[in-house]
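Open the model in your viewer and keep the sequence panel beside it. The stops below say what to select and what is found there.

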Amino acid sequence: MTREQIETREDRDSLGAVRVPVDRYWGAQTERARRNFPPGTELMPTVFIRALGMQKQAAARANAASGALDAKRAKAIELAASDVVAGKLDDHFPLPVWQSGSGTQYNMNANEVIANRAGESLGAALGSYAAVHPNDHVNMAQSSNDTIPTVMNLAALMAWRDAGALALDDLIHEVEGCASRFAGLVKVGRTHLQDAVPMTLGQEFSAFSAQLGAARETLSGALNSLLAVPQGGTAVGTGLNAPADFGPAFARELSALSGFNFTSADNKFAKIAGHQDLFSVSAALSGLATVLYKLANDVRLLGSGPRAGLGELILPKNEPGSSIMAGKVNPSQAEAMTMVCVRVFGNHDTVTHAAAGGQFQLNAYKPVIIYAVLQSVILLGQAMASFTARCLKGLKADEARLSANVAHSLMVATALVPHIGYDKTAEIVLKADHEGTGLREAALALQALSAADYDKWVDPLAMTKGG
């Protein structure tokens, strides 16, 4: 007996025999895919594999309830699928992202692993499929074309629930805390990177709170659209080879297993042929990233220095920032956040092209769509959690720098415009700027108004309240 025969077993699919590693639950079709798709090293995030397992659990339950699948096989399939959900069989899902555009190989990987695991529990040898068959039993009433879109939706929802939602909530809470803590600190506003009228540091952070809240609301609406799934449409959406009530029955079972309120899509053709819902989720993630990008960038700009920058914020010192400049500390959490954001922007560009690229009754870019969406969710969730814990929670204001900047600002003169007019106010500003004096000194030198009126009208804190 050769070394290859000791280490492999013979497995078969519709194309014939394939040798498969003897200790793996996958079968011939998975092994062919493993050999035929060499590009890249990227594997699907484990949440996608968990979702595959849950989908197979729900399908087994629905098939058993209809009487199409006997109770013994159904129970074995469900238990094997639960091992997939629990992460016990992660090593048996070896396929890369860059494969069949329908995700058929992922579906068959799950079908084979679950069939072998279930068959083993019933006393069958791996690869025999005498007790449980990957196609006839595990894939009963299903097609890869309705299974993978369903799994994609489930995986995205699970990933956001587990990796993103709490992180965003915590970040918004901390930003709101900054808005409250800094509410009384007057600072120079800035437009076009130039000095503008005064505002409070709290108002600056309140803008981020509102923007993040709006992004969260948009994302929530997009995620809700994923709850209508095409399972039951089988190959093209007609539902061929599936009982008429399989879609609703499956949706009920998946809801019970996942905790999400899934429904059977009214038009399954649309959900198989396109992925507008996931496109909308990706767009919403990109929208969230635009707010996070600005937040992180503004924080690091406001904290620039410490001596030669703006220096209005004092950022936590997390680690040394230079291998040569002793004592230097960099805004690394902000940098990490912005890098994640640009990755999310790129992922949405990928999803845009992929979602637009389906032909006829099937979008054949499914793996790259869900890979990009899941990567965006996971990266944003981790980046938000880190930025909150390692930057926002320790953020402080340099009150002396804020006050000094306001005192030297020329734009507080804007408060004079209603009283002495735009032109006279501009004359005061230009004189002060040209001569390097204060506004009050320039105003009095031009005899534009009295000292008492200047002191009454130019009140930076009052200016932050409008009117």
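Select histidine 192: does histidine 192 count as buried or exposed? With a relative accessibility of 77%, histidine 192 counts as exposed (over 50% relative accessible area is exposed, under 20% buried and in between partly exposed, with a 1.4 Å probe and protein chains only). This is a predicted model, in which local features need pLDDT of at least 70 and side-chain atom pairs count only at pLDDT 80 or more, while totals for chains, interfaces and linings use all residues. Residues are numbered from 1 along each chain as its sequence is written, and side-chain values use heavy atoms, with hydrogens and water left out.

Stay at histidine 192, which sits in the loop between β3 (186-191) and β4 (194-200). Its phi is positive, about 60°, although the residue is not a glycine. Most residues other than glycine have a negative phi, and most peptide bonds are trans.

Next, select asparagine 241, in the loop between β5 (228-229) and α9 (246-258). Asparagine 241 also has a positive phi, near 75°, and counts as exposed at 69% relative accessibility.

For a cis peptide bond, select glycine 305 and proline 306: the bond from one to the other has omega near 5°. Proline 306 belongs to the loop between α11 (276-302) and β7 (313-314).

Now select asparagine 63 in helix α3 (residues 46-66). Asparagine 63 counts as buried because its relative accessibility is 0%. Beyond its neighbours within four places in sequence, its contacts (heavy atoms within 4.5 Å) include Ala68, Met140 and Phe246.

Move to the largest nonpolar core, which has 115 residues (a core is a set of buried Ala, Val, Leu, Ile, Met, Phe, Trp, Tyr and Cys residues joined through side-chain atoms within 4.5 Å). Among the members that touch the most others are Phe48, Leu171, Leu288 and Met384. Helix α7 (residues 144-181) gives the most to this core, 17 residues. Another core, of 16 residues, lies apart from it and includes Val412 and Met463.

Finally, zoom out to the whole protein, with its 19 helices and eight strands (DSSP runs numbered from the N terminus, helices being H or I of at least four residues and strands E of at least two). Its radius of gyration is 30 Å, well over the 23 Å of the globule rule for 467 residues, so the protein is more spread out than a compact globule (the radius is taken over C-alpha atoms, and the rule is 2.2 Å times the number of residues to the power 0.38). The C-alpha atoms fill a box of roughly 100 × 55 × 35 Å along the principal axes.
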